[in-house]
Amino acid sequence: MKIRSGRLALLPLFFFGCFLYAQERHTISGTISEAGSNETLIGVSILVPELQTGATTNEYGFYSLTLPEGSYELVITSLGFRDIRQTVSFAANQRLDFQMESEAEQLEEVVVIEEAERLDIRKPQMSVATLKAETIKSIPVVLGEADVIKSILLLPGVTNAGEASSGFNVRGGAVDQNLILLDEATIFNSSHLFGFFSVFNPDAIKDVKLYKGGIPARYGGRVSSVLEIFQKEGNSKEFHMNGGIGLVASRLLAEGPIVKDRAAFLAGGRASYAHLFLPVFKIDNRAYFYDLNTKLNYRLNDRNNLYLSGYFGRDLFSLSDLFVNTYGNAVVNFRWNHLFSDRLFSNLSLIYSDYYYGLELDFVGFQWNSGIQNFNLKYDLKYYLSNTFQINFGMHNTYYVFNPGKIIPNSPDSGIVEEQLTKKYANENAVYVDVAHDISPSLSLGYGLRISQFNRLGQDAFYVYANDNPVDFDEFSLVYQEATPIDTLSSRRSETLKKFLNLEPRVSLSWTLSEQSSVKASYTRMAQYLHLLSNTSSPTPLDVWTPSGPYTKPQLVDQYAMGYFRNFSGNDYSLETEVFYKEVQNRIDYIDGANLIANNAIERVILNGQARAYGWELLLRKNTGRLTGWLAYTLAKSEQQTPGRTTVVSTGRTVQEPGINFGKWYSTPYDKRHDLSLYGRYQLSDRWSFNTNFIFQTGQPTNYPVGQFQFEGLVVPYYGLRNQQRLPSYHRLDLSATLQPMRKPGARVKGEWVFSVYNVYNRYNAASINFRQNQDTGRNEAIRTSIFGIVPAVTYNFRF
């Protein structure tokens, strides 16, 4: 047999590889934490330059690294901390914990930066953005209050409906398509005061991560994005307090040891107080919020850790005593981290989440209470088979209780009859497996499968319709109408009204072109069984969540993404660019004139359709030096289609319905063709730093009257096809300056002043445009409604 010279040259490499794998291998594992507080650190890189391999810490600071027997230098690196270099002998399995110290100066060697970023380049995970609490606090926002949601709006692919709007939209998706997790607990409303602030206290936050695509199989239940937020665990070494005093709100957070180096607590509160000054101006209205963050952790031993975390928040808005709106989230999460071995990590979570929204109308004489509760059991495991092969697997189960509303009279003589709308119940469970696999030094894969099942459970009253069609179509007026039920059924909770089963595969890959660049691609399929009923461009606290069932199908998304990633000039600059395309099945829309509030048969105003979104994203970062920041740009389109059905009308004829917009594609309310964001930070000196951001967005779709007619002396406008017009483009510039006063030697209190100006050039961006007839001239005129002009603010932050 002849052996070619090229193949013969590969034989030494083959035998060398066999020798390496024949060597006995050992595992080193442990946790990495901050030296001053024992706070575990997420995403720390543990590198072995000699072998060009490494690992990163998970959400709880745990790592596992398996290498051939021998001695190697480990390099542990994380942004904002001093590197650790330590030679470790791999002669047996061992546990080795590290503590990292914050660095006052950036002194890393270039080679370490390159190795750390090289691992990021190789990872198949794409469409992910991470923000640290320090970055969030530095971004200028309205009224000087640091805000998680406002910060992620500066990232490519993320928008919202405008100023003072609730939630956010990702890659052309709706607000309800985002899964928001706080310490793994679901947050159903992320906004305070109708969108002026977010519910997340920046002082209590450790890590924020947004998944826009390539979403791992351990996440499910939403079809657009996952926003995962972890709270700090609390300082188990010494007691500290920090907070801030602003113009409209203040905050205070305390943390410290219960048992030194073993147990710690964290408690933080935040409240607004601008309403206290309204009586001075003889204004009898109120608008305020407050929230509370708590966390306890206890390290039983090296293999077991317990956590108990909670959040409680409330908003109140009232117009005198005639109208009172109260809403808020409450969550509790108990977690148990257990290490079965140096390669098998597990986390068990028991979670309770509640979202309450209520309305009191004193002038009508009733109050309305509604909400959604869920009870969640999660068990997640990660097995580190090797440095090139890790498996995540687990199961989730969530039980839901939907309260669409209870009407209660305010007084016996109000004339209102107490009524409880039919409560709905459901159970969602899933199992998943997710694999991270490095095929070669150039090719890395991530692949997994999630199997989800949703059971719509029995309820007290369930309406039945002719031909299972809750929406009728009048062929003469060409109008959709609510169908009349032909029967009402009652069933036990243990019975199932409708069952759905979905397979949700996930695949992502990274092909490394060089040490500084790679190409990545991903495919994601996800199912969403909950729907937010809202016919406004921005959700309100009165919007109602409803489950999938016999008349409402779950939303299903297929998303494809591809991108190019590159580091420049020794990681001084980085470039990320991606294209994406996604299709959503069973996206709901509403018939004209739909009433969503206190509707006991919501299926009678819902039509099923489909949606699609596609676009291009660009993110250019400057990572080092006195001037840092990023430029983000998105070119995208988001559309929806609700085609007409083919139905048999009462006369027996078959009719093709027009659907919405005559079955044509139309822009979604959150379609933004162009979205440009610029963020910059300049460190002038040890005492002064300056921050700025500029935002430009295409105006959101809307409808203007296209004509008018007179009816019995009244001028009535009429409108064209849906969402054919747009509001004017939105843009603004924000500035802030941070001053750290001189500290006296030995002073325990560290403070800083933050001076900010929101909307520097005082542009009145249109929140809406309404039309009316001028009483003097008799001509029609457009009235622009704006939320903010220029808003200066000052905040004092402190820590001791």
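Is Asp-460 buried or exposed? Asp-460 is exposed, because its relative accessible area is 52% and the cut-off for exposed is over 50%. Keep in mind that this is a predicted model.

Asp-460 also has a partner: its side chain meets that of Arg-493 in a salt bridge. Arg-493 sits in the loop between β33 and β34, while Asp-460 sits in the loop between β29 and β30, 33 residues apart. At 32% relative accessibility, Arg-493 is partly exposed.

Side chains of opposite charge can pair when their charged atoms come close. The structure holds 33 salt bridges, and here are three of them.

| Salt bridge | N to O distance |
|---|---|
| Lys-206 and Glu-39 | 3.5 Å |
| Arg-493 and Asp-460 | 3.3 Å |
| Asp-589 and Arg-722 | 3.0 Å |

Asp-589 is buried, with a relative accessible area of 10%, whereas Arg-722 is partly exposed at 22%. Salt bridges also link Arg-171, Lys-212, Glu-578 and Glu-617 in a network.

Both Lys-206 and Glu-39 are buried. Lys-206 lies in strand β16, and Glu-39 in the loop between β1 and β2, 167 residues away.

Strand β16 takes us to an open sheet of 5 strands, ordered β9-β16-β17-β12-β13 with mixed pairing. β9 and β13 stand at the edges with a single partner strand each, so one side of each has no neighbour in the sheet. Further in, β12 and β17 pair in the parallel sense over 5 bridges, and Leu-179 has Val-226 in β17 as its bridge partner.

Methods: Residues are numbered from 1 along each chain as its sequence is written. This is a predicted model: local features need pLDDT of at least 70, side-chain atom pairs count only at pLDDT 80 or more; totals for chains, interfaces and linings use all residues. Side-chain values use heavy atoms; hydrogens and water are left out. Two strands pair if DSSP finds at least two bridges between them. Helices (H or I, at least four residues) and strands (E, at least two) are DSSP runs, numbered from the N terminus. A salt bridge is a side-chain nitrogen of Lys or Arg within 4 Å of a carboxyl oxygen of Asp or Glu. Buried means under 20% relative accessible area, exposed over 50%, partly exposed in between (1.4 Å probe, protein chains only).
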